[in-house]
Amino acid sequence: MAETRPAHPLICPSCFAREIDPIFLHHDPDDGHYYCTKCTYVATERAAVKAFLDDLMRHKHGITRDEPK
Amino acid sequence: MAQFHANIIHRADSAARVQPVFDYQWRAARERGLVSTTLVTLPALLDERLCESIRARWEGSRDELGLHCHEMKGPALTERHGTRETALWLMPRTTRAAVLDDMVDLFVRRFGRPPAAVGSYLLDAWTLAYLERRHPSVRVAITNCFEEGVKMFRGNNQNWHLFSDGGPWGPFWPSRDTALKPAGDVAEAIDIVALPHLNRDMILALASRDDLFASHPLNLFRAKINEGADSPYLWRFLQQWEDQAVLNGWSYLSLFVSSPWLTPGHWAVPDMAHGRRLYEKTLDWLVEHQTAGRVRVDTMSGFGATFRAQVAPGDAQICQWRDELRQAKRETIWVVNSHYRAALDFNVGGAITDLRAYDGRVDGNMGPECPRLANGNYPYLAAAELRGGAYQNGHHAELACGDARVSLLNRRGHATVRNVAPRDAAAAGAWEIDGGEVTWELGGQRVVLRTRWRVDASGDIRVERTLEPAADPSLDWRLTEVFVGSWGTWDLPEDLRGITLGAWDAAGGELARIVSAYASQSATVAGAARVSVAVPPIGVTLSLVADPAGPVPTAGHLAEGTLFAPVYRLSLTHRLTPGIPVITWLKLAPLTP
């Protein structure tokens with residue numbers, strides 16, 4: 001059954017940012033939101049994906065030759 | 001009538017650069033007609049000129065002066081008392097006593113009377129009992145920082161050795177045995193009203209660092225949840241503390257900002273003009289609410305006297321907290337009495353995710369003479385945040401139909417709390433927590449399950465779950481109440497050897513017993529009416545007990561922890577009949593030899 005496990009394989013971007021191993025967001029069928037059972041993160045699916053991808057970017061940050069002079 | 005109380009507390013430090021800031025704080029409160037309490041530190045007491053200016057401002061006012069046991073540093077300590085231990089509660093006892101005697105003596109010389117109010121970040125039972133015995137003028141003290149412990153230690157880059165996890169969040173009567181435990185009766189209580197250092201966000205106290213989310217407007221800059229000189233979160237936060245008075249008959253707020261936090265250049269506040277403006281807005285909020293009769297701003301001693309008149313040792317307190325940071329659905333309900341402190345997290349279906357069992361009266365004294373040294377955390381039986389999440393630590397339940405099974409952790413819910421014994425009728429406090437109707441799909445069926453908890457001043461939590469009458473009665477519905485536990489004060493596992501799991505039938509006959517030895521032992525027994533765990537290191541037993549008036553459960557299950565999964569597990573499985581409630585008691589008691 002869908003409710004016996006996280007409904008959608010979305011990783012919590014807030015826990016990910018704290019380098020806590022994948023915490024999958026749970027789906028609330030009442031309002032369609034995705035929420036984390038560890039921290040207080042809650043979002044729509046689109047926002048959760050965007051936040052996760054934004055956080056992935058931090059691995060790429062650093063001094064680069066493309067920085068504005 | 002429910003009353004919301006507030007203290008405005010300042011700290012008088014000796015550093016020259018913060019003295020004008022302290023003036024600013026005092027003036028800001030007084031110009032608004034707000035009474036305040038100023039706690040004077042040891043270095044400040046040694047500064048004659050500073051004390052003269054404090055005395056000049058204090059005389060003839062309604063404000064209060066007291067002592068603060070922080071800023072213990074410099075010659076005041078090293079030369080006068082021969083220690084570099086800056087935390088009073090961690091000093092050797094002879095030094096601690098000498099410092100307190102010195103401070104009281106200086107206070108009397110400076111201000112002409114002994115102090116009634118004392119502040120610290122943490123005070124153990126030994127220190128409080130010393131103050132009670134040696135300095136009986138002290139009637140109220142700031143004794144603990146709610147849930148400042150493991151998570152805050154990690155967040156502070158392992159650099160702030162203050163450990164006070166596991167105590168009450170609000171004012172309480174401290175136990176003579178261990179100061180983070182509320183006393184059960186007058187004989188057990190130290191005759192000093194214990195206050196929290198700050199009010200905390202009661203969800204982020206579990207999910208995050210609660211020093212960043214507290215009744216301390218400047219810490220909101222540290223958390224970056226200000227919007228310039230404003231923080232909508234703060235107004236919602238304050239409102240929730242006012243709301244708690246409805247459930248308890250009273251509520252308390254501590255606004256305590258020490259002067260360094262309002263001094264330009266503080267590392268956490270990029271623009272101090274914004275910082276001071278938010279501080280002043282908080283005072284304005286109190287003025288507005290006081291004018292409307294919604295809050296009573298008092299001195300520490302004034303509130304302490306009110307607390308003495310209204311709350312007796314042994315009373316319970318409850319707190320229902322919404323997620324005000326994200327303004328989302330998450331809710332946590334906290335209950336504390338002299339037997340336990342529990343957090344019910346409705347983000348995971350009302351599971352008890354943090355449980356401190358106080359009946360073992362674990363010695364919480366600190367200092368070099370004590371085995372605990374600096375660790376003042378009261379041990380947990382379950383702490384999901386520290387030990388693997390709600391599936392791995394805490395109380396929850398599973399619903400099954402045939403081969404299909406679902407954990408009630410997998411749906412967030414909403415709770416309604418009802419006071420079932422108004423404080424004028426039964427002062428100890430009793431509440432029903434209704435988790436409402438939650439719809440589940442399993443075994444091809446769509447059914448509604450409702451859970452109600454009842455909590456009061458006893459060590460028993462009543463859990464009632466009812467499958468709605470519309471469910472198909474011909475199916476094999478089962479409910480399993482589960483407790484997954486451990487013990488400890490940190491996020492690392494402690495030794496589980498010697499922890500004993502047992503199962504008994506309704507007549508009290510023993511059905512199974514497991515003494516933990518990391519041997520992968522488990523047992524499933526039919527007809528168990530009670531399953532228990534005895535945890536000698538913290539001196540308590542926890543039992544899941546089927547209600548004697550109900551049917552006997554179909555099975556009890558026990559499993560010891562392993563080294564790689566160091567949690568024990570006990571459960572009771574009931575057969576569910578639609579429309580008929582199943583009642584289980586979660587009982588905490590002292591471990592008797």
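**Close-up views of chains A and B**

**View 1. A salt bridge links Lys38(A) and Glu385(B).** In this predicted model, the closest N and O atoms of Lys38(A) and Glu385(B) are 3.5 Å apart. That separation meets the criterion of a side-chain nitrogen of Lys or Arg within 4 Å of a carboxyl oxygen of Asp or Glu. By this rule, 6 salt bridges are found across the interface of chain A and chain B.

View 2. The accessible area lost when parts come together is often used to give the size of an interface. Chain A contributes 20 residues to the contact, and chain B contributes 23 residues. Polar contacts across the interface of chain A and chain B involve 10 residue pairs, with both residues at pLDDT 80 or more.

**View 3. Three strands of chain A form an open sheet.** The strand order is β1-β2-β3 (chain A), and the pairing is antiparallel. β1 (26-27) and β3 (42-43) of chain A are the edge strands; each has a single partner strand, so one side of each lacks a neighbour in the sheet.

**View 4. β1(A) pairs with β2 of chain A through 2 bridges.** Strand β2 of chain A covers residues 34-35 and runs antiparallel to β1(A). Within this pairing, His26(A) has Tyr35(A) in β2(A) as its bridge partner.

Key: Residues numbered from 1 in each chain as written. Chains lettered and ligands numbered in written order. Predicted model: local features only at pLDDT ≥ 70, side-chain atom pairs only at ≥ 80, totals over all residues. Heavy atoms only, no water. Contact = heavy atoms within 4.5 Å. Polar contact = N/O pair within 3.5 Å; in protein donor to acceptor, adjacent residues only side chain to side chain. Pairing = 2+ DSSP bridges. Helix = DSSP H or I, 4+ residues; strand = E, 2+ residues; numbered from the N terminus.
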